[in-house]
Amino acid sequence: MILDELMPKYDVVERHETVVRAPATAVFAAVRSADLASGFVPKLLLTLRALPAALLSPSAGLGEIKRRWRRADGQRLRLADFEQQGFRVVAEHAPSELVIGLLGQFWTTRPSVCADVSVETFASGPTTGLALAGWNFTAIAGDERTCELRTETRVLCAPDARRAFLLYWFLIRPGSGLIRRAMLSAIKCEAETSERDGANAFALPIESGRA
């Protein structure tokens, strides 16, 4: 697994999986095309990430919450949209694994992330005051028509950031798990729908006639 090579050491880890009735190629494509914020719960939880800033600066923070909710409620949120927020696809081995990286202080009331995250970032590790997150999706083929979709999140902290991050992780881990399970469901639905629509497109019509 690529994530094992990039991030053999970590402070926290979270894993989730589901079975998808579609081949790995369709599932891997759905990782990029699926709406990763579909459903009320992930929309709400992703929106409330702006809540700490709202407590410190009500006018600006509440405006950000409204903006996020309108975006989550009216637009699909794909992997490319996460990349605009600082997440970076750092490694990919199609159609089996894709690894996303995030570096910064994402547990603070005013989260900040670094724009450039790469394989080299994982080799050097997080610098002072920062944490490095590695997040992957893997599609493990079962047979021609099914595969297991897994996601794993690992976080490694700089020593001076570890205590603050672990407190943050304790508070947000239940919501984080809900979001990731919802993302797996969205990818599963996207892949299975794509396979079903593709099969129907090539199905021959059955002509009815009189006996």
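Cysteine 189 is partly exposed because its relative accessibility is 47% (buried means under 20% relative accessible area, exposed over 50%, and partly exposed in between, with a 1.4 Å probe and protein chains only). Cysteine 147 counts as buried, at 3% relative accessibility. The disulfide count comes to zero, where a disulfide is a pair of cysteine sulfur atoms within 2.5 Å.

This is a predicted model: local features need pLDDT of at least 70, side-chain atom pairs count only at pLDDT 80 or more, and totals for chains, interfaces and linings use all residues. Residues are numbered from 1 along each chain as its sequence is written, and side-chain values use heavy atoms, with hydrogens and water left out.

**Overall build**

- The protein has eight helices and six strands. Helices (H or I, at least four residues) and strands (E, at least two) are DSSP runs, numbered from the N terminus.
- Along the sequence, the pattern reads α-β-α-α-α-α-α-β-β-β-α-β-β-α.
- Of the 211 residues in the protein, 43% are buried.

**Salt bridges**

- Seven salt bridges are present in the structure. Each is a side-chain nitrogen of Lys or Arg within 4 Å of a carboxyl oxygen of Asp or Glu.
- One of them joins the side chains of aspartate 4 and arginine 154, at 2.5 Å from N to O. Aspartate 4 belongs to helix α1 (residues 2-6) and arginine 154 to strand β6 (residues 147-157), so this pair ties together parts that are 150 residues apart in sequence.
- Aspartate 4 is partly exposed, with a relative accessible area of 36%. Arginine 154 is buried, with a relative accessible area of 3%.
- Aspartate 11 pairs with arginine 162 in another salt bridge, with the closest N and O atoms 3.0 Å apart. Aspartate 11 is in the loop between α1 and β1 (12-20) and arginine 162 is in helix α8, so the pair ties together parts that are 151 residues apart in sequence.
- Aspartate 11 counts as partly exposed at 28% relative accessibility. Arginine 162 also counts as partly exposed, at 29%.
- Glutamate 192 and lysine 188 form a salt bridge, their closest N and O atoms being 3.2 Å apart. Both residues lie in helix α8, four residues apart, which is about one turn of the helix.
- Glutamate 192 is buried, with a relative accessible area of 16%. Lysine 188 is partly exposed, with a relative accessible area of 21%.

**Aromatic residues**

- The structure holds nine aromatic pairs. Rings of Phe, Tyr and Trp (its six-membered ring) pair if their centres lie within 6.5 Å; planes under 30 degrees apart count as stacked, over 60 as edge-to-face and the rest as tilted.
- Phenylalanine 106 and tryptophan 107 make an edge-to-face pair, because their ring centres are 5.7 Å apart and their planes stand at 80°.
- Phenylalanine 106 is buried, with a relative accessible area of 10%. Tryptophan 107 is buried too, with a relative accessible area of 14%.
- Phenylalanine 165 and tyrosine 168 make a tilted pair, because their ring centres are 5.9 Å apart and their planes stand at 50°. Both lie in helix α8, three residues apart, about one turn of the helix.
- Phenylalanine 165 counts as buried at 1% relative accessibility. Tyrosine 168 is partly exposed, with a relative accessible area of 21%.
- One aromatic cluster is formed by Phe106, Trp107, Phe165, Tyr168 and Trp169.

**Charge over a ring**

- The charged end of arginine 180 sits over the ring of tryptophan 135, 5.4 Å from the ring centre. The rule asks for NZ of Lys or CZ of Arg within 6 Å of the ring centre and within 35 degrees of the ring normal.

**Nonpolar surface**

- Leu167, Phe170 and Leu171 make a nonpolar surface patch of about 380 Å². Patches are made of residues with over 30% relative accessible area and no salt bridge; like charges are joined within 9 Å, nonpolar side chains (Val, Leu, Ile, Met, Phe, Trp, Tyr) within 5 Å.
- Accessible areas come from the Shrake-Rupley method with a 1.4 Å probe; for residues, only the protein chains shown count as cover.
- Leucine 171 is in helix α8 (residues 162-201). Leucine 171 counts as exposed, at 60% relative accessibility.
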